[in-house]
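Please read it alongside the sequence and coordinates.

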Amino acid sequence: MIADPLKTQATSKMMDMQLREVAPASAHHEFVLEVNNFNVDYGVGENMVRAVNDVTLKLRRSQVLGVAGESGSGKSTLVYAMTRLLRAPGVISGGDVTLNITNDGDSDEVTPINLVTASEKELRQIRWSHVSIVLQSALNALNPVLRVGREFHEVLKTHRRELTKSQRHARSVELLKMVGLNEDRLARFPHELSGGQRQRIMIALALALDPELVIMDEPTTALDVVTQREIINELNELRSRYGFALIFITHDLSLLIELADEIVVMYAGAIIERAGASELYEAPRHPYTLGLINSFPPMHGDRRELTGIPGSPPDLAELPEGCSFAPRCPYAMARCLHEAPALLNIGDSDRSVACWLHTGDSSVTVPVELSRSSSPSRAHVTVLQDHT
Amino acid sequence: MRSLRLPRSPKVIIGLVIVGFFIIMTVIGPWLAPYDPSSTAFAPLLSPSAHHWLGTTSLGQDIFSQLLVGARATMVVALLAGLAATILSMTVGIAAGYLGGWSDEGLSLVSNVFLAIPGVPLLIVIDSYLPVNSRSNFFVIGLIISLTGWAWGARVLRAQTMSLRNRDFVEAARIIGEKRTRIMFTEVAPNLLPVLASSFLFTVLYSIGAYVTLAYIGLTSTAVWNWGTMLYWAQANNAPLSGEWYWFVPPGICIALVGTGLALVNFGIDEFINPRLRAGGLTARQRRQLGLPRRIRLGLTPVLHASSKPKIVPAHAKLVSQ
Amino acid sequence: MLARRLLLYIVTAWVAITANFLLPRMMPGNPIQTLIGKITNTVTPEEIRAIRLSFGLGFHQGLVAQYFTYLTQLVHGNLGISITLGAPVSSILREAVPWTVGLIGLSTIFSFAIGTFGGALLGWTRGSRLDSLIPTATFFQAVPYFFLATVMLLLFGSDLHWFPVLGAYSPTVTQGWNLAYIESVIRYGELPLIAIVLSSLAGWMLGMRNMMITMIGEDFVLMAVAKGLPRRKVIWHAARNAILPSIANLSLAIGLVVSGALLVELVFNYPGVGDLLLQAVLNEDYPLIQGIFLVITLAVLAANFLADIVYLWLDPRTRTVAAV
């Protein structure tokens, strides 16, 4: 890695010059984030539990990646560990996370930063200006004794030192407008705002420094359905306008279909299915994905019987031999109980799944509900037009 | 019901050992004492020696005997006061938290009033009016101390009860028609055990301080030996300024040690009540072995590297490199 | 919220005043009568009359009437006459109170400030070598104030002569607004102040440490890190919230600190209320004991009210509740 490309703001321009000289090879990069064979444990030694198991994923610029799974599937652990924000006893036990950050003024040049090896100082400079995060409960994420405006000023003051006080204020007002809030909210304390307003403020705050990547951990789960809808629509609009990449974590697949370009489904710490959003939703390949889809009513379209998934999420400390979903899987075969399937591409398609029904013996007959073909008509672009 | 299992940290173990030691001293101290603590048979102001481990007072009393005998009065009064205060705070706290409404308003007012009045000055006033024979009575002194030390526990227990009262099992007991008092003491109280234990230790700690203070200013009977009376006589005879450290340092250290022991045990209970206070997952040894930092910083999730594990260098390789 | 607290303190003051009235009248063995028998030779008949009046003896008034007489006297600032000193309790207190308020007030501020800062640091660096301070702090928390004061008096006063001791100022300087006097007051106040600070520091520190650790577990502190804020700002986010319970618990703590600090005065012969209290207790000077108790209680209540105002100012959530 290039040594410390992110000195202070004051010298950043100069550093950019140097970077170009040192690393001419870092040409235009289509991926903003690359995660390779990433492992995360809770604790070490005998009591160690593997919470994220060998996860590999790539995120293109300006794309939305949905991460779905039940609680305990490791989806939150994954993103917190990726950004090195995971609390003790979490430990990263292998793999790489590379963030390709764009240099100021020239979006063709990128600098790869390995977050796993980055120092505290480097992380501090990347955080928020390149990666920002929105948590499930904005009430807990905002400091209860500070006025909302303070949070904006603080972020701008730390990362954009050249701004004057009035410029910071102007930017804060602009950000609030972006999420449809009046500037008088800046003078309020978090407890004086509604849940939807608080979450909008968190989103505005996350976009304050124009980051390449925004991570949202169940940002709408604590909200009512109407507010949830409004926020998803706003996010779609903001994303097409500002072009940030988004990782959106939720247990609600029907929500992701409105927003995501690509979806990965996690179970017991591993990715078990990855596909384009509409493909995955309309033609799931993994029995667990199918179960997830049947657990939530769709935001659009016909009503459907909700069946859910039998059994409860697995105990990570005592995962079964073979496929970890096998004990809950209605299609489990003998092979599933002692041999774990790998995440493989299905045929020559772009989607992958970790399930013996698809990647094992060709003699296995795949059930109808897991072999549907997807129609290309319901891409999220159409959905967007519905609201605008 | 959650059982009270203390986290086995060194702090708690040391605390339990200290408290255990002094409880044993309370029970057998008076029998172990080599002399009668009030006997003035010896030469005054002897320095520590094999005969008098801690020397003698200006009246020729054996200080070591006073220390051993004094443990009993100090500890018994403190335990009595702690027990009485805990019962009082439990009754008031649980009742206020469980009943709510006007009963809560009234009981909370009473405990807040007692909380706001400075305890030791009130004790001094009450005690100064007591007839001398009551001042030597453990029960009377213990009860008066408990009167000034129960309010804090009541406040904590009230808050805890309020968070419990709407839980399912309490609701269930209410629906099947259990009596209120029965629900309070059989369903709610057991779940308050950690908080109760903590409040008990805290009150015992306070009671030792209060009792010793009363004795130190001469408000308990001088006929009863306790660590405070020892300090009173030492002070009255100017022991500190004449360099007779062996007269006033041992009782002071004993008081501080009992207090430290109780506070250390309380650390364990605090960690039990508030899981965030527990050290996260990794023991110091594991961290060292894995090359993880001693202190895990927020926002810097540690990374285990295969290369950071201790490498085993073959013996011959070492020779070659030398 | 503030009005409610004020009401509480008024009720508390009333309880303390009433207890003061009732205690001598309820105690077995009639302590006042015994006392008056003892002092007939040392005090003039008029003074004895005044004392009997203040305790409601020999005037065949009902308890209620006595109570109102007592309250009327109080309102006029009349706390009775000291038996041993033969002067009005109020004028004796007027001389002692400033010393105590100065000493205890200053030491409480110092110890709260240092303890809170230290506790925040201990909480933040949890797991580091600083943790080894905790057992030491626990020990200091458990040492009685007066014992620590005695040891310090012995060590730093009479052995090492680092500090002047006994009294509040040098007997050779003249009292008043002159530099020598002020300097002497400061020099004499140092050791008692350090003793009180050392005794009370650990309590604040350990409390703040626990709250700090609890706060670090909150989302908004993690967010402060995620925002790439410098470390001191992250610590500030946590500490700013962790300090609130410390201030809320001030009512309990102030009472304990005052109780302990009074005895420190006694050790150092500091001419404040604590020293006076000991003399009063030794001489069974009931009017003086009662007057001191009342003044201490009122001072503690005032300090509590001050703490409430600070809390209100620091926590916006309580302000909204008050407005609704």
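Chain C contains 14 helices and 0 strands, where helices (H or I, at least four residues) and strands (E, at least two) are DSSP runs numbered from the N terminus. This is a predicted model, in which local features need pLDDT of at least 70, side-chain atom pairs count only at pLDDT 80 or more, and totals for chains, interfaces and linings use all residues. Residues are numbered from 1 along each chain as its sequence is written, while chains are lettered from A and ligands numbered from 1 in the order in which they are written.

**Chain C**
- The sequence of chain C reads as the pattern α-α-α-α-α-α-α-α-α-α-α-α-α-α.
- The C-alpha trace of chain C spans about 80 × 60 × 40 Å along its principal axes.
- Of the 324 residues in chain C, 46% are buried (20 or more other C-beta atoms within 10 Å of the residue's own, with C-beta atoms placed from the backbone).
- Among contacts in chain C with a separation of 6 or more, 74% are between residues 24 or more positions apart; two residues are in contact if their C-beta atoms, placed from the backbone, lie within 7 Å.

**Chain A**
- Chain A has 13 helices together with 12 strands.
- In chain A, buried residues account for 43% of the 388 residues.
- Residues 24 or more positions apart supply 64% of the chain A contacts with a separation of 6 or more.

**Chain B**
- Chain B is divided into domain 1 (10-280) and domain 2 (284-322), with bounds from an automatic or database domain assignment.
- The centres of domain 1 and domain 2 of chain B, taken over C-alpha atoms, are separated by 48 Å.

Technical notes. Buried ≥ 20, exposed ≤ 12 C-beta atoms within 10 Å, placed from the backbone.
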